[in-house]
Amino acid sequence: QHGCPTVVDGVMVLGGLSIKLVRWGFVRRPFYVLAVSRKRIARNSGNRFEDVGWWDPNPAPDGNQHMGLKIDRIRYWLTAGAVPTDKVQALLQRSGVVPPKPVPHWLSKVQHTPEDQLKWQSQLKDK
């Protein structure tokens, strides 16, 4: 049925979940909590299933951005059907929790041969 959870390999798979950033902190000094919640719930509503990490984008005195993750809980929620937002996906890729998404062939950098470069240069000179 629609909206009912199913069990796959001992894990309850829920629909409509996302891992998103919840903003905390002060004016011009943000601090984010990675939270699992329903996709249609506002990020600051407080209606969350679990907090699975934090991220401080402000550079620390050592010049780095710091983040803390509950990797086992993130992997659990990903197997349960939670979909990370684009920014959370980038953070998880940067930390090595999830593999990077494959780049479509039309966006990958095409290696041009020197003959191709000469062909385009000659076409530009003709105009």
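A residue is buried at under 20% relative accessible area, exposed at over 50% and partly exposed in between (1.4 Å probe, protein chains only). This is a predicted model, in which local features need pLDDT of at least 70, side-chain atom pairs count only at pLDDT 80 or more, and totals for chains, interfaces and linings use all residues. Residues are numbered from 1 along each chain as its sequence is written, and side-chain values use heavy atoms, with hydrogens and water left out.

**Exercise 1.** Find the salt bridges and state whether each partner is buried, partly exposed or exposed.

*Solution.* Step 1: apply the rule, a side-chain nitrogen of Lys or Arg within 4 Å of a carboxyl oxygen of Asp or Glu. The count is two.

Step 2: take Arg73 and Glu50, whose closest N and O atoms are 3.0 Å apart. Arg73 lies in helix α1 and Glu50 in strand β5, so this pair links distant parts of the chain, 23 residues apart. Here helices (H or I, at least four residues) and strands (E, at least two) are DSSP runs, numbered from the N terminus. Glu50 has a relative accessible area of 18% and is therefore buried, while Arg73, at 29%, is partly exposed.

Step 3: take Asp51 and Arg48, with an N to O distance of 2.9 Å. Asp51 is partly exposed at 31% relative accessibility, and Arg48 is partly exposed at 27%.

**Exercise 2.** Classify the aromatic pairs that join strands β4 and β5.

*Solution.* Step 1: rings of Phe, Tyr and Trp (its six-membered ring) pair if their centres lie within 6.5 Å; planes under 30 degrees apart count as stacked, over 60 as edge-to-face and the rest as tilted. The whole structure holds four aromatic pairs.

Step 2: the ring centres of Phe31 and Trp54 are 5.8 Å apart with planes at 15°, so this pair is stacked. Phe31 belongs to strand β4 (residues 29-38) and Trp54 to strand β5 (residues 50-56), so the pair ties together parts 23 residues apart in sequence. Phe31 is partly exposed at 28%, and Trp54 is partly exposed at 36%.

Step 3: Tyr32 and Trp55 are also stacked, at 5.5 Å centre to centre and 20° between the planes. Tyr32 lies in β4 and Trp55 in β5, so parts 23 residues apart in sequence are tied together. Both Tyr32 and Trp55 are buried.

**Exercise 3.** Describe the backbone and setting of Arg28.

*Solution.* Step 1: Arg28 has a phi near 60°, a positive value in a residue other than glycine. Most residues other than glycine have a negative phi.

Step 2: Arg28 sits in the loop between β3 (17-26) and β4, and is exposed at 72% relative accessible area.
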